[in-house]
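Hi everyone, thanks for coming.

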Amino acid sequence: MEEGLSKPGEEEPWRVLEFYSGIGGMRYSIMKAGVNATMVEAFDINDTANDVYQHNFGHRPFQGNIQTLSAADLDSYGARVWLLSPPCQPYTRQGLQKDSNDARASSFLKILELMPQTSQPPVMLFVENVVGFETSDTHRRMAEILEKAHFVTQEFILSPLHFGVPYSRPRYFCLAKRKPLYFQNPLLNQQLIRAPGPLFGHNESMIVAGGNEPQGSLDKSLQACEPVERFLEFKHPSNGVEPESSWSHINVPGALEISAIGSLEQYFVPLSLLERWGNAMDIVYPDSKRCCCFTKSYYRYVKGTGSLLATIQVLMLHLPGYNVVLVLVASHTGATIIVHSMDYMQRRAEDKIESLEGLRPRYFTPREVANLHSFPENFNFPQHISLRQRYTIITCSMLLIFVYSYTYLPTVKSLY
Ligand SMILES: C[S@@+](CC[C@H](N)C(=O)[O-])C[C@H]1O[C@@H](n2cnc3c(N)ncnc32)[C@H](O)[C@@H]1O
């Protein structure tokens, strides 16, 4: 592998191992961070993920169980930085929460336990997992191992919403550095930080360590987010229509029919699902500043698996003093204004399912999920990967968008 990311004249690159590499989210993060790194090897057991990794990076990860690696194997790579995004199922709310008793947690603990047995243990670790990991047995064990091996840690729960991306997916991140390496802001050592402020040097935000992020801070992040539209590959409804602030969103049935446009048709939510699960769906608009986390069951199930996108935007303007409303219906084919009586609107708005049908909700495409997960434009899937497989693997992977703003430390230089 040994592909360096350094520029001529720069210090020696970090030698990096990427455990649980999946489709390479950690590797893209390092690249995006502009870190001077040599990716020495990647490890993953999953064939499909490895196909996608190989397609994008021209290198096939070591395909096998991480649990079978020995200290001698690890030494042979001479790597000083480890990236680890172990399986989340042992800690997810949807899972059985078997924690360290779940076989899927054991390879992670095994690799950490091997670390002191290597002749050159890593000097830096990055760990990513779901929220819930921070209170797990596995986390407790990880903290013990790292402390014994003289690591200092800083831990975060952060979401793309904190970085201008209209997507709520809080994740746990741990950065660990082995002494004498140190963090620029030692006040955050051994703390769990739940807001981005400290990354940008805002000390007042450190108060949130250990507690939930204050609503005010979250609201500020939301306001600063770009609209969902910026992340779409198929742009639909507004078609340049910029409604005045007095226009308001409504659900109205029987709006314009949208005609099939090529492959987009496969993403529309079938009527049968709207009828059955409509009440449980999270529907967002192109101008929304937030959508919900996509899970690996997205596209197979609609309930609680991630947001859907309204492809017909309906906006209503009530003219004061008149018993009518102007209804603006915008789709990819254009925009139309219809005049309806207030009575008619009230009667129709009561029928929620019919209203949803009028919005023609669709799934976000895998490319759009990749965009919300901060994958670069040049990332793509090999042809043979099916639509369902694409959803499964892209929903498991997200770039550590904050790493690049934070982790680069000049003091690493002296250790190489
Ligand atoms: C949460 S995903 C990692 C996602 C990854 N960061 C990415 O960008 O796609 C966990 C990955 O670990 C792999 N995996 C789980 N247990 C493993 C094991 N014992 N040995 C090797 N790979 C394993 C899975 O195949 C999956 O791709």
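Let's start with a question: is α1 largely enclosed by the rest of the structure, or largely open? Well, six of the eight residues of α1 are buried, so this helix is largely enclosed by the rest of the structure. Buried here means that 20 or more other C-beta atoms lie within 10 Å of a residue's own; 12 or fewer makes it exposed, anything in between is partly exposed, and the C-beta atoms are placed from the backbone. And when I say helix or strand, I mean a DSSP run, numbered from the N terminus: H or I with at least four residues for helices, E with at least two for strands.

Some ground rules before we go on. This is a predicted model, so local features need pLDDT of at least 70 and side-chain atom pairs count only at pLDDT 80 or more, while totals for chains, interfaces and linings use all residues. Residues are numbered from 1 along each chain as its sequence is written.

Okay, the overall picture. The protein chain has 12 helices and 17 strands, and of its 416 residues, 41% count as buried. Next, contacts: two residues are in contact if their C-beta atoms, placed from the backbone, lie within 7 Å. Among contacts between residues at least 6 apart in sequence, 73% join residues at least 24 apart.

Back to α1, residues 25-32. The buried ones are Gly25, Met26, Arg27, Tyr28, Ser29 and Ile30. Just after α1, Gly34 takes a positive phi of about 70 degrees.

This helix also brings us to the ligand. Both α1 and α4 supply at least two residues each to the shell around the ligand. Which residues come nearest to the ligand? Of the 21 around it, those are Tyr20, Gly22, Gly25, Asn46 and Ser397. To be near, a residue needs its C-beta atom, placed from the backbone, within 6 Å of the molecule. Sorted by class, the shell has 10 nonpolar, nine polar and two charged residues. For that sorting, Ala, Val, Leu, Ile, Met, Phe, Trp, Tyr, Cys and Pro are nonpolar, Asp, Glu, Lys and Arg are charged, and the others, Gly among them, are polar.

Now for the inside. A nonpolar core is a set of buried Ala, Val, Leu, Ile, Met, Phe, Trp, Tyr and Cys residues joined through C-beta atoms within 7 Å. The largest one here has 89 residues, and Val16, Phe19, Trp82 and Leu84 have the most contacts inside it. Where does this core lie? Domain 1 (3-222 + 397-415) and domain 2 (234-364) both give residues to it, so the core lies between them. Those domain bounds come from an automatic or database domain assignment. If we zoom in on Val16, its contacts beyond four places in sequence include Ile30, Met39, Val81 and Leu83.

UniProt, in an unreviewed entry, places an "active site" feature at Cys88. Its positions are given in the numbering used here, feature names are shortened, and annotations may be inferred rather than shown by experiment. Cys88 is in the loop between β4 (81-84) and α4 (103-114). Is Cys88 buried or exposed? It has 20 C-beta neighbours inside 10 Å, so Cys88 counts as buried.

Cys291 and Pro166 are 125 residues apart in sequence, yet 6.1 Å apart in space, C-alpha to C-alpha.

Most residues other than glycine have a negative phi, and most peptide bonds are trans. Here, though, the peptide bond from Lys179 to Pro180 is cis, with omega near 15 degrees. Pro180 is in the loop between β8 (171-178) and β9 (192-193). Gln190 is in the loop between β8 and β9, and has a positive phi of about 55 degrees. Ser374 has a positive phi of about 70 degrees, and is found in the loop between α10 and α11. Gln190 is exposed, with 12 other C-beta atoms within 10 Å, whereas Ser374 is buried, with 20.
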